[in-house]
Amino acid sequence: MAKIFCIANQKGGVGKTTTTVNLAAGLAKVGQRVLMVDLDPQGNATMGSGIDKRKLELSVYDVLLESASVREARVQSAKLKDADCSYDILAANRELAGAEVEMVSLERREKRLKTALAEVDADYDFVLIDCPPSLSMLTLNGLCCAHGVIVPMQCEYFALEGLADLVNTIKQVHANLNRELKIIGLLRVMFDPRITLQQQVSHELEARYQSKGQLFATVIPRNVRLAEAPSYGVPGVVFDPASKGAQAFVAFAKEMVERVETL
Ligand code: ATP
Ligand code: MG
């Protein structure tokens, strides 16, 4: 049975997509079968996995509107295959922004992705869902089918403030729509140990969340190779496997594999 995780944080540009594609590649590298779902109309995770969002025949949009199944809509990237880091992709592009509006009048609209993913449950060990920077109907669809949420965050002053909104949403979804949902962990990303404030916020996170088991031990450093990789249409793990950023994501993938055994 596949374990399904949302990578979510309603703050923009905190590293959700970078986390999703590199965790997907890292998990594939350590032998896991992975489906990555792009739930963001920006299509960054799609492009960052080597799929041209302008040339999609079918996408997650068709799946949400039930005009295609996941089996029909999923694609593979040749670049990932060449690098031996293959994962399947349920891609997205701007069309997905329309789904939000089109789904308003539909029944059980927040459970559409959950229903669709049931069909491929046996095909994967992990399903990773890259959420948009909002707490929208799209994010809600992700939260409704997930076993847990991975929250990438930068160790900055406002990071903890935004976290409260996300925690509240997750609590509400847990109470009303998905009893399985929980925060699997906060992931410190773009970390620069030379910045004192980042050290302080990191310690604060340890004090608050480590004992609850809600803070990942792996820390993702700020690393330019991770930022360069998307322009080549591959995750950093594939682009420069020796880089500090890539190695951190492979370590994170291993931590996730251990973690799911305890869920
Ligand atoms: P959005 O909210 O728009 O979807 P996001 O949360 O998905 O954004 P990303 O797109 O992953 O964030 O990252 C934002 C920017 O930071 C990108 O340019 C990305 O390449 C860069 N970035 C992410 N993680 C790192 C890192 N560890 N080191 C250096 N640059 C990074
Ligand atoms: Mg993103």
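Author: A nonpolar core here is a set of buried Ala, Val, Leu, Ile, Met, Phe, Trp, Tyr and Cys residues joined through side-chain atoms within 4.5 Å. Keep in mind that this is a predicted model. With that in hand, the largest such core has 50 residues, and Val-37, Leu-117 and Ile-129 are the ones with the most contacts inside it. Helix H9, residues 159-176, gives the most to this core, with six residues.

Let's zoom in on Leu-117. Setting aside residues up to four places away in sequence, Leu-117 touches Ile-4, Leu-35, Val-37, Val-70, Val-127 and Cys-145. So which of those partners turns up again among the residues with the most contacts in the core? That's Val-37. As a general point, nonpolar side chains in soluble globular proteins tend to be buried together.

There's also a second, separate core, this one of 38 residues, including Phe-5, Leu-27, Leu-56 and Val-234. Helix H1 covers residues 16-29 and helix H13 covers 244-261; their axes sit 8 Å apart, at an angle of about 70°. Angles of 65 to 115 degrees count as roughly perpendicular, so that is how H1 and H13 lie to each other.

H13 itself has 18 residues and spans 26 Å from its first C-alpha to its last, close to the 26 Å expected at 1.5 Å a residue. Its buried residues include Phe-249, Val-250, Phe-252, Ala-253, Met-256 and Val-257, and Gly-245, Ala-246 and Glu-255 are buried too.

Another residue worth a look is Thr-46, in helix H2 (residues 44-47). Thr-46 has a relative accessible area of 0%, so it is buried. Beyond four places in sequence, Thr-46 touches Met-36, Asp-38, Ile-51, Lys-53, Ala-91 and Ala-92.

For contrast, head out to Glu-95, in the loop between strand S3 (88-90) and helix H6 (96-102). Glu-95 is partly exposed, at 40% relative accessible area, and touches Ser-59 and Tyr-61 once residues up to four places away are left out.

Most residues other than glycine have a negative phi. Asp-84 has a positive phi of about 65° although it is not a glycine; you'll find Asp-84 in the loop between helix H5 (78-82) and S3, and with 66% relative accessible area it is exposed. Met-190 is another non-glycine with a positive phi, of about 50°. Met-190 lies in strand S6, residues 183-191, and counts as partly exposed at 22% relative accessibility.

Conventions. Residues numbered from 1 in each chain as written. Chains lettered and ligands numbered in written order. Predicted model: local features only at pLDDT ≥ 70, side-chain atom pairs only at ≥ 80, totals over all residues. Heavy atoms only, no water. Axes fitted to C-alpha atoms, helices over the stretch in contact; angles between N-to-C directions. Helix = DSSP H or I, 4+ residues; strand = E, 2+ residues; numbered from the N terminus. Parallel < 35°, antiparallel > 145°, perpendicular 65-115°, else oblique. Expected span 1.5 Å × (residues − 1). Buried < 20%, exposed > 50% of the residue type's maximum accessible area, 1.4 Å probe, protein only. Contact = heavy atoms within 4.5 Å.
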